[in-house]
Amino acid sequence: MQNQEEQSTADGEIAGTCEIEDCANFGGGDDDIMQQQSSVPFVGDKEPLSALAAEYQSGSPILLEKIKVLGDKYVAIRRTRGDGNCFFRSFMFSYLEHILETQGRAEVERIKVNVEECRKTLQSLGYVDFTFEDFFALFLEQLDDVLQGNETSISHEELLNRSRDQSVSDYVVMFFRFVTSGEIRKRSQFFEPFIFGLTNTTVEQFCKSSVEPMGEESDHVHITALSDALGVPIRVVYLDRSSCDAAGVSVNHHDFIPAPGNLPSANSESINPFITLLYRPGHYDILYPKWMGHLYVIESSLCILQAINDVPVMEAAKVILEYDKKHMVARQRP
Amino acid sequence: MQASRARLFKEYKEVQREKVADPDIQLVCDDSNIFKWTALIKGPSETPFEGGVFQLVFSVPEQYPLQPPQVRFLTKIFHPNVHFKTGEICLDILKNAWSPAWTLQSVCRAIIALMAHPEPDSPLNCDSGNLLRSGDIRGYQSMARMYTRLAASPMKG
């Protein structure tokens, strides 16, 4: 049927459109980018925010102004390779680093429950176990290893090494892709309009062609799905040339807050994402807020205080937490 | 390397278990090398490939399943998306749309689906693609059927 529609144009096209070359060089354009990118490690070193400003020294004044504004809240950036996996890779490192630094055992227990839920989702969607189980196992292994006190515990340096080692890094990225795809397909009715607006395809096609294959870039849909599935809030700070304020530039951010059912505490207003990513059109890196350390310590203590029902100390901790969040107070690590 | 071996071993066990489940696909692992597989697939019914049995060869890379297996037809086939001389297959899941969610078995299923639904707009076999693109369905089908009889007929051994 298709051929009849095309008949009118076919004659003119036949000579020039044999696509043998096309298929042989599938993705040929990407190779250049890949090669160029392979000089950047999967996950880079932590760099001061001034390194970001240096990139735009002779560039857009709006961007420079925005980076200055960023400096009020953020101190450092960690770059990831722009190979299409940068969102997942940034999320991976940022999350595992957070667990390593906070030793948040409660968070690890919580996310493991969600991971098991994701496993069931994939099974119920008809995925064969062996296609995804190795990726799940490797992520769970990393989770256990960043907690100290086990035989297999790892240092921050080793976490960085593993994040740069393709055999670990890509497997964890693929784990996130499976989780994301499962969540989108499970809630296909919710995601359908977004996906249709984005790519004009069905949910299933979208997952098959834009979520599951390595190197496919992430969009709002991916971030929402991953954040929901794992119950991890994510803040994305946008750095682009847009400016709406006449008075002065401001930097927009968007918080991806998981559906309440998936969250540790039900009060979604007080959710403070511990993962902050910097988005520049087409790419994600990791951002480090100024006030990182102590807020997490307080937040994770809250769970313990709640567990042992120490109300007075809990209330005091909450007051400090609210004040510091509101006023962006930076404190030393205890 | 270890990971790919482990994964392939799981696929091997699954294939043994599912043998009866999919009578159109017979996937066999090389006795001495788990990275080499062959498959016999039946040409889908109501296509010019009906009645034919086609042999595929798989070469699995060490980065499998993060990277796709290389697959080609060993049996000659007249199809827009299969190279007439080398048997190379133009299929997105074997290139940029690959993901570890696919298995050797499901790749075979995708190839059977491709046989039934050729994509003449990205041809590896221009003659075959041009017949379809110019609307000469009958010409395409008779060529394809002829090669099925010549090369893929089980009778001829």
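Predicted model: local features only at pLDDT ≥ 70, side-chain atom pairs only at ≥ 80, totals over all residues.
Chain B contains four helices and four strands. Read from the N terminus, these elements follow the order α-β-β-β-β-α-α-α. The radius of gyration of chain B is 16 Å, close to the 15 Å given by the globule rule for 157 residues, so chain B is as compact as a globular protein of that length. The C-alpha trace of chain B extends over about 50 × 35 × 25 Å along its principal axes.

Of the 157 residues in chain B, 51% are buried. Where contacts in chain B link residues at least 6 apart in sequence, 56% of them join residues at least 24 apart. Chain B has an accessible surface of about 7600 Å², and carbon and sulfur atoms account for 52% of this area.

In the model, B:Cys90 is located in the loop that runs between strand E4 (70-73) and helix H2 (104-116) of chain B. The relative accessibility of B:Cys90 is 7%, and B:Cys90 therefore counts as buried, the cut-off being under 20%.

B:Phe58 belongs to strand E3 (residues 53-59) of chain B. Because its relative accessibility is 2%, B:Phe58 counts as buried. With neighbours within four places in sequence left aside, B:Phe58 is in contact with B:Leu27, B:Phe35, B:Lys36, B:Trp37 and B:Ala39, with B:Pro69, B:Gln70 and B:Val71, and with B:Leu104, B:Val107 and B:Cys108. Among these partners, B:Gln70 and B:Val71 fall within the residue range of strand E4 (70-73), and B:Leu104, B:Val107 and B:Cys108 within that of helix H2 (104-116). B:Phe58 and B:Phe78 are separated by 20 residues in sequence, and their C-alpha atoms are 20 Å apart in space.

Chain A comprises 15 helices and six strands. Buried residues make up 46% of its 334 residues, against 51% of the 157 residues in chain B. For contacts in chain A between residues at least 6 apart in sequence, the share that joins residues at least 24 apart is 74%; the corresponding value in chain B is 56%. The accessible surface of chain A amounts to about 16400 Å², with 52% belonging to carbon and sulfur atoms.

Conventions: Residues numbered from 1 in each chain as written. Chains lettered and ligands numbered in written order. Heavy atoms only, no water. Helix = DSSP H or I, 4+ residues; strand = E, 2+ residues; numbered from the N terminus. Rg over C-alpha atoms; globule rule 2.2 N^0.38 Å. Buried < 20%, exposed > 50% of the residue type's maximum accessible area, 1.4 Å probe, protein only. Contact = heavy atoms within 4.5 Å. Areas by Shrake-Rupley, 256 points an atom, 1.4 Å probe, with all protein chains shown as cover.
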